[in-house]
Amino acid sequence: VFLVPMTWGSDDLHAAAAPGVWTSGAVAAVVASCAIAVAISYFSFLARKQLTATGFTILGNSCKVISVVINVLIWSKHASPFGLCMLALVLVAAYHYKPAPLREAPPVVEGTPLLHDQ
């Protein structure tokens, strides 16, 4: 809906309005896609409330892997083997990532200023 004003100046709007483009199957697919997108967004907000940040990240990475596997199994034009290897590399790197430890605050000595001029 938000992209419709951007198409007014192009031929895409005229092509979309051509007879036979908006069949009942096409309309059902668009409505189903919108409903699924809203449901995914809603449930992600619920998941953020129920999971830790790490759990939510693991859930997101798992969904990414599942969607890539389904994409490879269903479509003939999917990610290249190099692209799949790079995805695997990114997921392995994400698994091994550890945040840097917090620095310890220097001890405060009575009578010394907190900021030093250098």
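The legends below describe close-up views of a predicted model.

**View 1**
From the N terminus on, the order of elements is α-α-α-α-α. The chain has 118 residues, of which 2% count as buried.

**View 2. Confidence along the chain.**
The mean pLDDT of the chain is 80, and 79% of the residues score at least 70. Among the elements, helix α3 (residues 24–50) has the highest mean pLDDT, 90. The lowest mean, 64, belongs to helix α2 (residues 12–16). Where pLDDT is low, the predicted coordinates should not be read in detail.

**View 3. Packing of helix α4 on helix α5.**
Helix α4 covers residues 53–74 and helix α5 covers residues 81–96. The crossing of α4 past α5 is left-handed.

**View 4. Residues in the contact of α4 with α5.**
On the α4 side, the contact is formed by Asn-61, Lys-64, Val-65, Val-68 and Val-72. Their counterparts in α5 are Leu-84, Leu-87, Leu-91 and Ala-94. By residue class, the contact comprises seven nonpolar residues, one polar and one charged.

**View 5. Ala-94 in helix α5.**
Ala-94 is one of the α5 residues that meet α4. Is Ala-94 buried, exposed or partly exposed? Its relative accessibility is 42%, so Ala-94 counts as partly exposed, a class that lies between under 20% and over 50%. Asn-61, one of the α4 residues in the contact, is 33 residues away from Ala-94 along the chain. The C-alpha atoms of Ala-94 and Asn-61 are separated by 9.2 Å.

Notes:
Residues are numbered from 1 along each chain as its sequence is written. This is a predicted model: local features need pLDDT of at least 70, side-chain atom pairs count only at pLDDT 80 or more; totals for chains, interfaces and linings use all residues. Side-chain values use heavy atoms; hydrogens and water are left out. Axes are lines fitted to C-alpha atoms, for helices over the stretch in contact, and angles run from 0 to 180 degrees between N-to-C directions. Helices (H or I, at least four residues) and strands (E, at least two) are DSSP runs, numbered from the N terminus. A crossing is left-handed if the near helix is turned anticlockwise from the far one by less than a right angle, and right-handed if clockwise. Contact means heavy atoms within 4.5 Å. Ala, Val, Leu, Ile, Met, Phe, Trp, Tyr, Cys and Pro count as nonpolar, Asp, Glu, Lys and Arg as charged, and the others, Gly among them, as polar. pLDDT is the predictor's confidence in each residue, from 0 to 100. Buried means under 20% relative accessible area, exposed over 50%, partly exposed in between (1.4 Å probe, protein chains only).
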